[in-house]
Number of protein chains: 4
Amino acid sequence: MASTNIPSDLPEMEYRFVGRSGLQVSAISLGGWLTYGGHVDDGTIPDAAHACLKAAYDAGINFFDCAEGYAGGESEKVMGRAIKKFGWKRNDIVVSTKIFWGSGNSAFSSGPRNKINQMGLSRKHIIEGTSLALSRLQLSYVDILYAHRPDPLTPMEEVVRAFNHVINQGQAFYWGTSEWSATQIEEAWGVADRLGLIGPVVEQPGFNLLQREKVEGEFEAGKLYERHGLGLTVFSPLAGGILTGKYLDGVPEDSRLKKSDDQYIQSVAATVGTDEWNKKMDAVRGLKAIAERLGTNLPALAMAWVLKNRNISSAITGASRPEQVFETVKALAVVKKLDEGVMEEIEKVMGNKPKGAMMFR
Amino acid sequence: MASTNIPSDLPEMEYRFVGRSGLQVSAISLGGWLTYGGHVDDGTIPDAAHACLKAAYDAGINFFDCAEGYAGGESEKVMGRAIKKFGWKRNDIVVSTKIFWGSGNSAFSSGPRNKINQMGLSRKHIIEGTSLALSRLQLSYVDILYAHRPDPLTPMEEVVRAFNHVINQGQAFYWGTSEWSATQIEEAWGVADRLGLIGPVVEQPGFNLLQREKVEGEFEAGKLYERHGLGLTVFSPLAGGILTGKYLDGVPEDSRLKKSDDQYIQSVAATVGTDEWNKKMDAVRGLKAIAERLGTNLPALAMAWVLKNRNISSAITGASRPEQVFETVKALAVVKKLDEGVMEEIEKVMGNKPKGAMMFR
Amino acid sequence: MASTNIPSDLPEMEYRFVGRSGLQVSAISLGGWLTYGGHVDDGTIPDAAHACLKAAYDAGINFFDCAEGYAGGESEKVMGRAIKKFGWKRNDIVVSTKIFWGSGNSAFSSGPRNKINQMGLSRKHIIEGTSLALSRLQLSYVDILYAHRPDPLTPMEEVVRAFNHVINQGQAFYWGTSEWSATQIEEAWGVADRLGLIGPVVEQPGFNLLQREKVEGEFEAGKLYERHGLGLTVFSPLAGGILTGKYLDGVPEDSRLKKSDDQYIQSVAATVGTDEWNKKMDAVRGLKAIAERLGTNLPALAMAWVLKNRNISSAITGASRPEQVFETVKALAVVKKLDEGVMEEIEKVMGNKPKGAMMFR
Amino acid sequence: MASTNIPSDLPEMEYRFVGRSGLQVSAISLGGWLTYGGHVDDGTIPDAAHACLKAAYDAGINFFDCAEGYAGGESEKVMGRAIKKFGWKRNDIVVSTKIFWGSGNSAFSSGPRNKINQMGLSRKHIIEGTSLALSRLQLSYVDILYAHRPDPLTPMEEVVRAFNHVINQGQAFYWGTSEWSATQIEEAWGVADRLGLIGPVVEQPGFNLLQREKVEGEFEAGKLYERHGLGLTVFSPLAGGILTGKYLDGVPEDSRLKKSDDQYIQSVAATVGTDEWNKKMDAVRGLKAIAERLGTNLPALAMAWVLKNRNISSAITGASRPEQVFETVKALAVVKKLDEGVMEEIEKVMGNKPKGAMMFR
């Protein structure tokens with residue numbers, strides 16, 4: 001496959017194990033499909049998606065992240081067509097999707113009925129949703145199948161058994177979670193260990209310099225990395241754009257920050273103008289100064305800081321232009337600049353290091 | 001799907017979880033296929049069945065209950081044809097069937113041989129019967145597979161393992177029981193828990209204002225709801241027509257009551273004319289008065305009383321005309337009229353509240 | 001030990017296994033301690049108790065049944081003193097007691113507090129109650145420790161674990177239940193089998209020609225004998241005296257029937273004078289005729305009918321005079337007269353045979 | 001026991017099950033031994049402790065809470081002497097202690113060595129610490145043995161096994177936790193369920209109108225009550241005195257608030273004078289107004305609000321005078337005044353209701 005446009009200074013891709021599993025993914029991966037606009041189900045690959053996917057592959061990215069709930073299943077369809085079109089070998093790539101919100105998919109009915117059994121983690125929806133997702137992807141299996149949210153309305157044993165069923169059917173190799181609490185992951189492992197079943201190997205939370213509680217606090221305190229070998233594929237490494245610095249001089253009403261679908265980003269957007277927000281902007285300014293001193297830029301520093309954390313298996317990024325993909329990959333070269341001194345300086349600027357496990361002796 | 005004939009005052013359908021499982025079914029569901037008459041296996045859908053199924057779907061009913069033993073497998077064939085013809089999406093509906101009496105099916109041999117291995121809950125019949133039922137339904141799986149009766153002649157471990165086998169093959173999502181005793185359900189759960197297998201999530205008993213012992217007595221005393229999260233899909237909500245009031249002035253020999261196949265209804269029919277029967281008719285008259293005072297009618301009150309019980313996941317009704325479906329669904333609007341005072345009044349009129357768990361301290 | 005007063009025609013005692021366990025008990029045993037009157041805690045053995053215990057032992061009875069709740073612990077004290085006084089060898093006898101109602105014991109406080117943690121089957125009460133019972137019995141262990149009632153307020157796992165703890169401490173060899181339902185016994189076995197613990201080997205219900213539902217109906221339907229090897233030590237073989245025939249000509253208000261503590265006997269006493277009662281008296285008259293024709297008497301026939309049932313490990317009788325003990329033991333000789341024909345005749349007279357397991361194929 | 005000083009208007013004590021266990025404790029219990037001052041180990045019972053213990057018992061309190069770490073083991077010694085002196089029957093009372101901080105006890109070595117193996121939840125310390133605690137208590141067992149804190153430095157399997165060992169030795173009937181996170185409790189249950197061992201039945205957190213996150217947020221979200229039947233014995237019902245209203249007009253440097261050992265109370269004390277503190281004082285003023293309108297006082301309202309929560313098995317209070325015990329017990333009579341309207345009003349005044357489980361469908 002030709003890869004003529006790769007910048008000559010692009011660092012070599014790094015591959016990491018997904019937690020304690022034997023699966024390896026590129027430290028930077030492609031997701032965030034909502035940014036591709038055009039959700040028209042016309043059987044084509046939008047130009048932007050085409051270009052970004054190619055750039056990603058050429059840059060060494062092997063991990064592509066979808067969800068049944070992204071654009072009503074459209075992200076999976078585009079992904080499926082791209083694999084076909086580019087002639088990628090199945091064993092060269094790692095493809096994931098996520099099950100929870102099937103109700104927006106055209107494969108499901110519309111009307112009041114569409115939230116019944118087409119959402120959540122019932123055995124019925126996990127199995128039916130996975131089959132439909134694989135059809136859209138034109139694949140017989142995904143590498144990782146995520147539970148896109150926890151479902152307190154379904155017993156954990158039903159959830160764990162259903163993911164194991166899908167794995168046993170050969171429709172997924174691993175299963176993981178997204179935005180689950182430490183307690184919920186612990187419960188899933190308790191069930192899996194008791195029944196001799198496969199537990200979730202990876203969680204997908206938001207993680208960035210402004211959103212650290214789950215990854216560095218809750219999961220650390222629960223010793224999930226150490227005990228279950230939990231891997232992390234994280235989204236929002238740049239905090240919905242805040243860590244690009246683009247809101248340092250104000251936040252337009254129609255900015256992506258204000259229009260984000262992500263719950264955490266929305267909650268941050270709601271604080272614009274408050275003391276809390278201003279304090280955050282001060283921190284971002286501090287980071288920017290550090291970045292410039294290190295001879296890089298703010299987004300690269302923020303991305304490198306995420307990658308510096310060895311519990312992160314992959315940072316998932318979106319892109320609307322191939323150049324963005326390359327820019328992101330370049331952050332790999334910044335990681336080695338983050339020595340102990342710089343890390344401490346960043347802590348001082350941010351002042352938001354979460355508490356891990358409390359020791360009483 | 002056009003639904004031009006839906007009454008404008010039809011209440012919105014309510015969906016309930018099947019016990020503690022993650023599966024949701026409409027609080028009112030369609031079954032009772034024996035009433036469709038015409039058992040001719042000519043590949044068509046009888047007009048009445050066609051109209052009732054369409055009405056049910058349009059009214060928000062998503063749960064359709066069959067059995068290999070209903071009309072010799074004919075109910076499953078009609079259901080399968082209807083799904084195809086209406087173009088219903090598989091994940092929009094919940095379809096169940098039941099295994100026990102395969103002997104009446106044309107798929108089995110006739111003659112004296114037809115009761116050997118074509119009845120009961122042997123591993124052989126559960127697996128063979130399910131495959132044949134799926135063929136008749138033209139489906140690759142049902143949502144719930146019921147054991148249509150207990151089978152004391154087969155060890156419970158064989159039964160539990162066989163239902164788990166079928167689930168593991170992807171031919172059913174959940175399994176349940178019908179007309180099992182609390183002790184038998186307990187035994188099944190004991191086996192399932194010991195072996196790390198899936199236990200029965202739902203039982204299908206008869207339940208109505210005249211037949212309360214299992215649901216409010218035996219299962220309550222055994223704490224099956226609390227301990228196993230047992231759901232209930234119940235049949236005979238109107239006690240074979242007794243709770244419509246149509247026998248208040250006498251029971252013709254050729255009435256449905258006298259000709260019912262249901263064991264309980266038969267045992268009641270045998271009492272016509274006795275003191276016990278007369279006492280029952282007095283209670284029904286008392287209910288009718290309450291219904292009229294509430295501005296509704298006797299069958300709607302009786303159905304609403306069933307739905308008021310939160311252990312009931314779905315009340316299964318039969319219908320021979322679409323209007324009957326709509327009448328039944330209207331009972332949903334009556335549930336909220338059954339406040340504490342009305343419920344107490346009903347208890348006084350009926351005088352048949354079962355004892356739950358006995359406490360000795 | 002001298003045994004001068006034994007009637008020369010006393011049949012040899014029969015010993016039966018307690019269900020599928022390796023323990024053997026006399027088919028007739030002594031309990032019913034409330035009839036000894038004199039509950040004075042003066043360190044003596046009442047004369048009647050002394051004489052009856054000696055007669056029982058001499059007649060070959062090896063099983064003596066107490067309870068913490070009988071006469072506020074007094075039955076255990078008398079039993080303990082008797083064992084000492086007679087110099088019985090511990091391994092010659094089988095002693096049981098029962099835990100549930102510790103609140104009446106002087107070892108516990110009086111006042112409102114005495115129902116807290118001194119009743120029921122919490123781990124605390126099972127362990128504390130057993131220790132106190134053993135003190136009263138002056139024994140280091142009982143052979144069988146019964147749960148005197150089910151306790152729906154304590155999780156079954158706590159109950160099963162606590163009885164196993166007591167067994168593991170060496171304070172009991174076996175545990176059993178009294179007046180538990182088939183579902184509760186099933187639940188206990190489910191827990192025990194899952195955790196690799198010891199399940200209850202014996203149940204103690206009331207059983208006689210007038211009270212057959214549990215033993216011949218519920219337990220049979222649940223296949224408890226066959227699956228768990230459940231043994232039965234039964235009380236009330238003569239239905240609180242009804243089966244002696246003494247109420248055939250009327251029931252005095254101060255009769256034992258009217259004053260019984262037993263729940264079932266009370267419920268029967270409440271029917272005196274009704275059609276139900278009269279029907280029962282007719283049956284008793286029929287039995288009496290059969291007894292006379294067989295050259296025996298009504299109580300011996302009723303007792304023999306209990307012993308004829310091979311699921312009965314022992315029939316527990318009370319006695320206030322040694323002669324009663326001997327009369328009861330003589331019933332052993334009547335059992336062989338109950339051939340198939342006589343048993344059918346008895347069924348015809350009684351007309352109350354319970355339904356066992358229902359077969360649907 | 002004479003109880004001459006009990007106020008005539010003292011409400012009857014309420015007893016509650018400890019979670020789903022069969023053990024019952026008084027809804028109000030006595031602990032907080034640090035307030036007794038006098039830690040001199042002279043073999044006596046301090047006058048204040050003597051009077052408070054007697055008042056508590058007379059008021060119907062049956063649950064007394066100690067810890068190896070309270071006053072260097074002194075609380076256990078005083079408790080043990082009191083049980084002896086008052087002649088309390090062991091089965092009338094529920095005594096608990098907690099293991100974690102053995103290092104302050106004179107039974108352990110002094111010097112740098114005293115933190116090695118005398119703290120935490122190693123098998124060694126759990127077993128050794130329990131034996132020493134029982135010696136101080138002059139008891140052969142406690143009813144509940146708590147892990148006084150989580151110990152991330154010991155594997156959970158070692159902890160769960162050690163508590164089960166102590167229970168199997170007969171030195172405790174139940175085990176629980178104190179200040180554990182939902183994830184840690186979940187991990188303990190996962191281990192217990194997998195190995196067929198006994199899990200923790202109760203957690204002891206701080207809980208009051210100002211400190212609600214664990215009880216109403218974290219544990220609720222993790223469904224610990226529902227899934228594990230977790231009971232709660234809570235401390236600090238009055239938030240270290242803040243909810244008595246005594247700091248409404250300022251906080252003296254030598255006040256108990258400023259000198260508390262409790263971590264949470266310390267963190268609150270650190271905020272005195274800030275906006276956060278002032279907002280809290282406003283809420284307390286609002287509560288006081290509600291209390292006065294209901295004809296009660298602020299501390300009684302605050303205590304009643306704790307008791308209103310049905311997940312609370314017991315609220316542990318300290319006392320330095322018998323009158324305080326009686327005052328606290330009187331709060332039981334206030335619970336029934338907290339109807340839906342009042343509860344909503346309290347929510348409005350407090351504005352700190354935690355989020356429970358998040359539902360995404």
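This is a predicted model: local features need pLDDT of at least 70, side-chain atom pairs count only at pLDDT 80 or more; totals for chains, interfaces and linings use all residues.
**Entry 1: strand 10 of chain C**

I started with strand 9 (residues 231–234) of chain C, which runs parallel to strand 10 of chain C and is joined to strand 10 by three bridges. I note that strands pair when DSSP finds at least two bridges between them. Strands here are DSSP runs (E, at least two residues) and helices are runs too (H or I, at least four residues), numbered from the N terminus.

Residues are numbered from 1 along each chain as its sequence is written, while chains are lettered from A and ligands numbered from 1 in the order in which they are written.

Which residue is the bridge partner of L232(C) in strand 10 of chain C? I found I312(C). Strand 3 (residues 28–30) of chain C also pairs with strand 10 of chain C, in the parallel sense and over three bridges. There, I28(C) stands opposite A315(C).

I then checked burial. A residue is buried if 20 or more other C-beta atoms lie within 10 Å of its own, exposed if 12 or fewer, and partly exposed in between, with C-beta atoms placed from the backbone. Five of the six residues of strand 10 (residues 312–317) of chain C are buried, so the strand is largely enclosed by the rest of the structure.

**Entry 2: helix 13 of chain C**

How many of the eleven residues of helix 13 (residues 340–350) of chain C are buried? I get one, so helix 13 lies largely in the open. After helix 13 of chain C comes G351(C), with a positive phi near 60 degrees.

**Entry 3: chain A against chain D**

I count residues as in contact if their C-beta atoms, placed from the backbone, lie within 7 Å. Chain A and chain D each put 24 residues into their contact. Helix 5 of chain A gives the most on the chain A side, with eight residues.

I looked at that helix next. Helix 5 (residues 182–195) of chain A packs on helix 5 (residues 182–195) of chain D at about 5 degrees, with the axes 9 Å apart. That makes the two helices roughly parallel, as angles under 35 degrees count that way. Among the residues making this contact I saw W189(A), R194(A), W189(D) and R194(D). By class, the helix contact has four nonpolar, four polar and eight charged residues.

I also superposed the copies, by least squares on the C-alpha atoms of residues with pLDDT of at least 70 in both. The same surface serves both, as 100% of the contact residues of chain A recur in chain D.

Chain D goes onto chain C with an RMSD of 0.1 Å by a turn of 92 degrees and a shift of 0.8 Å along the axis. These copies are thus related as by a four-fold rotation axis. Only 5% of the interface residues of chain D are also interface residues in chain C, so the copies meet through different surfaces.

Last, I checked the remaining pairs. Chain A and chain C have no contact, and their closest C-alpha atoms lie 12 Å apart. Chain B and chain D do not touch either, with nearest C-alpha atoms 10 Å apart.

Definitions and conventions:
Axes are lines fitted to C-alpha atoms, for helices over the stretch in contact, and angles run from 0 to 180 degrees between N-to-C directions. Angles under 35 degrees count as roughly parallel, over 145 as roughly antiparallel, 65 to 115 as roughly perpendicular and the rest as oblique. Two residues are in contact if their C-beta atoms, placed from the backbone, lie within 7 Å. Ala, Val, Leu, Ile, Met, Phe, Trp, Tyr, Cys and Pro count as nonpolar, Asp, Glu, Lys and Arg as charged, and the others, Gly among them, as polar.
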